[in-house]
Amino acid sequence: MLLSVVPTSREIIKPNTPTPIHLRTHKLSLLDNIAPPVEVPLIFFYKVDHQLLHEVSQVLKESLSETLVHYYPLAGRIVPNYDSIDCNDDGVKYLEAKVSNSILEVIKDPDLDDLKLLLPYQPNSGLKDIVLRIQVNFFDCGEVVVGACISHNVADATSFVAFMKAWAATARGEHETVILHPEFDLGSLLFPPRDLNSNNFSRLCVSTDKIRTRRFIFRKEILNTLKKKAVEDGKFQVKNPTRVEVVTSFTWQQLIKAEKSRSSTKKISAVLHVVNLRSRMASPLPDESSFGNFWSATVAHADLETTDVAFHELIAEVRSSIKKIDTDYIRTVQSGQCLVEFERELELALSSQVEQYNFTSWSRFPTYEVDLGWGKPIWVCTASIPIKNFIVLMSTSDEEGIEVWVNALEEDVSVWEHIQELTLV
């Protein structure tokens, strides 16, 4: 379904009290510095009953202004060399728009390329100095869709969702139920910035080619079938496979088959998985209050020149690679020793012999707890991200299945459509 979105207002929302002088500079961490130079998009769909739109608008703007007092870096500006944020209270870009569609029709048959119209950015416009952008979309039948984007060089998706929950609690008048005093200095203290001699880390990221976005769904029944298959085929070598493990490995197995069938010159298939470091620290950090980028990535490999790799073997490979992200590994990240390994993996991924797929799971994030006063969202999704072979895993609205959001080159779309067909069996 084609969306008809007409912007109606644009403004800047600032914190309702000034940020103190001693908090004016927020230093970015090593992990902030090497994060992909993109904006992370989230879109929340709501049914709103018996409220006037101007009242909804006023509540959202006032509660956002109040929340920014506690999340003051989000109202600042990223300095040109990307080493810090000037917390100058210049504010958040805030847009409102009118949509002449039915929200239920959009959810039932979403045009994935059109979803970006519900967001206050264009994915290939390049990262600017604004940290946070928000667009509130009012549908004809009284529904509301909130689209938000945050700079990945400032926060990961965990912190993004924590902010959205804090804003939502403030809008409900229940801010005391959510931590509103996030720790902004932990990132640069635990992962101090390093002298990055090159900009190679972004080479793997933003694609200049046309990226197409596709979505397919693993329902609860399919996930249970795949888990059972992994255990039985592996003769119980793989115990209690998770939803993320089976979705990643099943998808990877189909990608390997496709790579072999088209007589590719690639010799290695690789799966990169983003891992949240907070719970893996020697002293674990809470997701809600440790703001910034606290993630690393691990890579699993499969040799394309050998015979087919079994499903359970790929699960074991993915699980083994993620287990490497332990306290010893995190110390190498903190010391900067990991940069050599990062560079090596990057050069391998960029070589002509490797096809790499980059997975990140948001499936356990409490996105369906972002209640702005109208109940939980009826759907939460992401949108196109300009990174080749970038796959986001999100929970379905019943929180029992997994939605797979794929960003791929135009010529690779048919492979992903075949995988989508397999999930419908």
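**Salt bridges, strands and a sheet**

Modeller: Let's begin with a charged pair. Lys376 and Glu399 form a salt bridge, with their closest N and O atoms 3.7 Å apart. Keep in mind that this is a predicted model.

Colleague: Where do Lys376 and Glu399 sit in the chain?
Modeller: Lys376 is in the loop between β12 (354–361) and β13 (379–381). Glu399 is in the loop between β14 (390–395) and β15. The two are 23 residues apart, so the pair links distant parts of the chain.

Colleague: Which residues are linked in a network of them?
Modeller: Asp113, Arg212 and Glu410 are. Arg212 meets Asp113 at 3.7 Å, N to O. That pair links distant parts of the chain, 99 residues apart: Arg212 is in strand β9 (residues 211–218), and Asp113 is in the loop between α3 (103–108) and β7.

Colleague: And what about Glu410 and Arg212?
Modeller: Their side chains meet in a salt bridge at 2.8 Å, N to O. This pair is 198 residues apart in the chain. Glu410 sits in the loop between β15 (402–409) and α11 (413–423).

Colleague: Why does Arg212 count as buried?
Modeller: Because its relative accessibility is 17%, and the cut-off for buried is under 20%. Asp113 is partly exposed at 27%, and Glu410 is partly exposed at 38%.

Colleague: New topic. What sheet does β9 belong to?
Modeller: An open sheet of six strands, in the order β9-β15-β14-β12-β10-β11. The pairing is mixed.

Colleague: Which strands stand at the edges, and why is one side of each left without a neighbour?
Modeller: β9 and β11 (295–303).

Colleague: How are neighbouring strands turned against each other?
Modeller: By 20 degrees on average, direction ignored.

Colleague: How do β14 and β15 run?
Modeller: Antiparallel, joined by six bridges. Phe390 stands opposite Asn407 in β15.

Colleague: Which helix lies across β9 and β15?
Modeller: Helix α6 (residues 220–233). It runs at about 80 degrees to β9.

Colleague: Let's switch to β7. Which strands does β7 pair with?
Modeller: Strand β6 (residues 92–99) pairs with β7 in the parallel sense, over seven bridges. There, Glu96 has Val136 as its bridge partner. Strand β8 (residues 144–151) pairs with β7 in the antiparallel sense, also over seven bridges. Asn137 stands opposite Val145 in β8.

Colleague: What's between β7 and β8?
Modeller: Four residues, in a hairpin. Gly142 in the turn has a positive phi of about 95 degrees.

Colleague: How many residues of β7 are buried?
Modeller: Eight of its eight, over residues 132–139.

Colleague: Which residues are on which side?
Modeller: In a regular strand, side chains alternate between the two faces of the sheet. In β7, Leu132, Ile134, Val136 and Phe138 are on one side. Arg133, Gln135, Asn137 and Phe139 are on the other. Both faces are covered.

Key: Residues are numbered from 1 along each chain as its sequence is written. This is a predicted model: local features need pLDDT of at least 70, side-chain atom pairs count only at pLDDT 80 or more; totals for chains, interfaces and linings use all residues. Side-chain values use heavy atoms; hydrogens and water are left out. Buried means under 20% relative accessible area, exposed over 50%, partly exposed in between (1.4 Å probe, protein chains only). Two strands pair if DSSP finds at least two bridges between them. A salt bridge is a side-chain nitrogen of Lys or Arg within 4 Å of a carboxyl oxygen of Asp or Glu. Axes are lines fitted to C-alpha atoms, for helices over the stretch in contact, and angles run from 0 to 180 degrees between N-to-C directions. Contact means heavy atoms within 4.5 Å.
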